[in-house]
Amino acid sequence: MTTQLIDAPAGLAELCSTEDLEAGWGEAAWLQGRQIAVYRTEADGFYASSHHCPSTGAKVMARGILGDATIEGRRVATIACPLHKEIYRLDTGDCLGAQGAALNVFGVQELGGRLWIEVPR
Ligand code: FES
């Protein structure tokens, strides 16, 4: 077994191995005192957001339904809240509903098979 040493990128926190995440699902995680949701799409895209739905504050987003939508001619990954099915873009957090508040999303980097998450503020 070889170990790859990686310096912590500035402003990012190591979360888990990419292999810890099943394609097409989200998982809840505890990162520096905050509950976050981390997602792996069927196309192996990695995203992270607050675990709280902006609609009600319910801690449910990791159990949401991953999907995608075509926006301005481009496919973007989405997450639907499991409670009332409000849909959010995973790249920007924007709500696709008419007047919904945005989901707080965090940058994700994959380095050496590990996921690094932008430290939530
Ligand atoms: S709790 Fe998320 S849309 Fe209602």
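Author: One term before we start: two strands pair if DSSP finds at least two bridges between them. Keep in mind that this is a predicted model.

Reader: OK. How many bridges join β5 to β6, and which way do they run?
Author: Seven bridges join them, and the two strands run antiparallel. One example is Gly67, whose bridge partner in β6 is Thr78.

Reader: What sheet has the order β5-β6-β7?
Author: An open sheet of three strands, with antiparallel pairing. The edges are β5 (65-71) and β7 (87-89). Each has a single partner strand, so one side of each is left without a neighbour in the sheet.

Reader: By how many degrees are neighbouring strands turned against each other?
Author: 40° on average, direction ignored.

Reader: Zoom out. How many helices and strands in the protein?
Author: Zero helices and ten strands. From the N terminus on, the elements run β-β-β-β-β-β-β-β-β-β.

Reader: What's the radius of gyration, and how does it sit against the globule rule?
Author: The radius of gyration is 14 Å, close to the 14 Å that the rule gives for 121 residues. So the protein is as compact as a globular protein of that length. The C-alpha trace spans about 50 × 30 × 25 Å along its principal axes.

Reader: And what share of the residues is buried?
Author: Buried residues make up 39% of the 121. On contacts with a separation of 6 or more, 40% come from residues 24 or more positions apart.

Reader: Let's do the inside. How many residues are in the largest nonpolar core?
Author: It has 14 residues. Those with the most contacts inside it are Tyr39, Cys53, Met61, Ile79, Cys81, Tyr88 and Leu103. Strands β3 (34-40) and β6 (74-80) each supply at least two residues of this core.

Reader: Pick Ile79. What does Ile79 touch?
Author: Leaving out residues up to four places away in sequence, Ile79 touches Tyr39, Met61, Gly64, Ile65, Leu66, Glu86, Ile87, Tyr88, Leu90 and Leu103.

Reader: Now Ser50. Buried or exposed?
Author: Ser50 has 8% relative accessibility. The cut-off for buried is under 20%, so Ser50 counts as buried. Ser50 is found in strand β4 (residues 46-50).

Reader: What does the side chain of Ser50 reach?
Author: The backbone nitrogen of His52, at 3.0 Å. Setting aside neighbours within four places in sequence, Ser50 is in contact with Gln35, Ile36, Ala37, Tyr39, Met61, Leu103, Asn104 and Phe106.

Reader: Switch to Ala98. Where does Ala98 lie?
Author: In the loop between β7 and β8 (105-106). Ala98 is exposed, with a relative accessible area of 85%.

Reader: How far apart are the C-alpha atoms of Ala98 and Arg121?
Author: They are separated by 27 Å, and the two residues are 23 residues apart along the chain.

Reader: Last one. How many bridges join β9 to β10?
Author: Four bridges join β9 (residues 108-111) to β10 (residues 114-118), and these strands run antiparallel. In β10, Arg114 is the bridge partner of Leu111. The hairpin of β9 and β10 has two residues between the strands, and Gly112 there takes a positive phi near 60°.

Notes:
Residues are numbered from 1 along each chain as its sequence is written. This is a predicted model: local features need pLDDT of at least 70, side-chain atom pairs count only at pLDDT 80 or more; totals for chains, interfaces and linings use all residues. Side-chain values use heavy atoms; hydrogens and water are left out. A nonpolar core is a set of buried Ala, Val, Leu, Ile, Met, Phe, Trp, Tyr and Cys residues joined through side-chain atoms within 4.5 Å. Buried means under 20% relative accessible area, exposed over 50%, partly exposed in between (1.4 Å probe, protein chains only). Contact means heavy atoms within 4.5 Å. A polar contact is a pair of N or O atoms within 3.5 Å; within protein, one must be able to donate a hydrogen and the other to accept it, and residues adjacent in sequence count only if both atoms are side-chain atoms. Axes are lines fitted to C-alpha atoms, for helices over the stretch in contact, and angles run from 0 to 180 degrees between N-to-C directions. The radius of gyration is taken over C-alpha atoms; the globule rule is 2.2 Å times the number of residues to the power 0.38.
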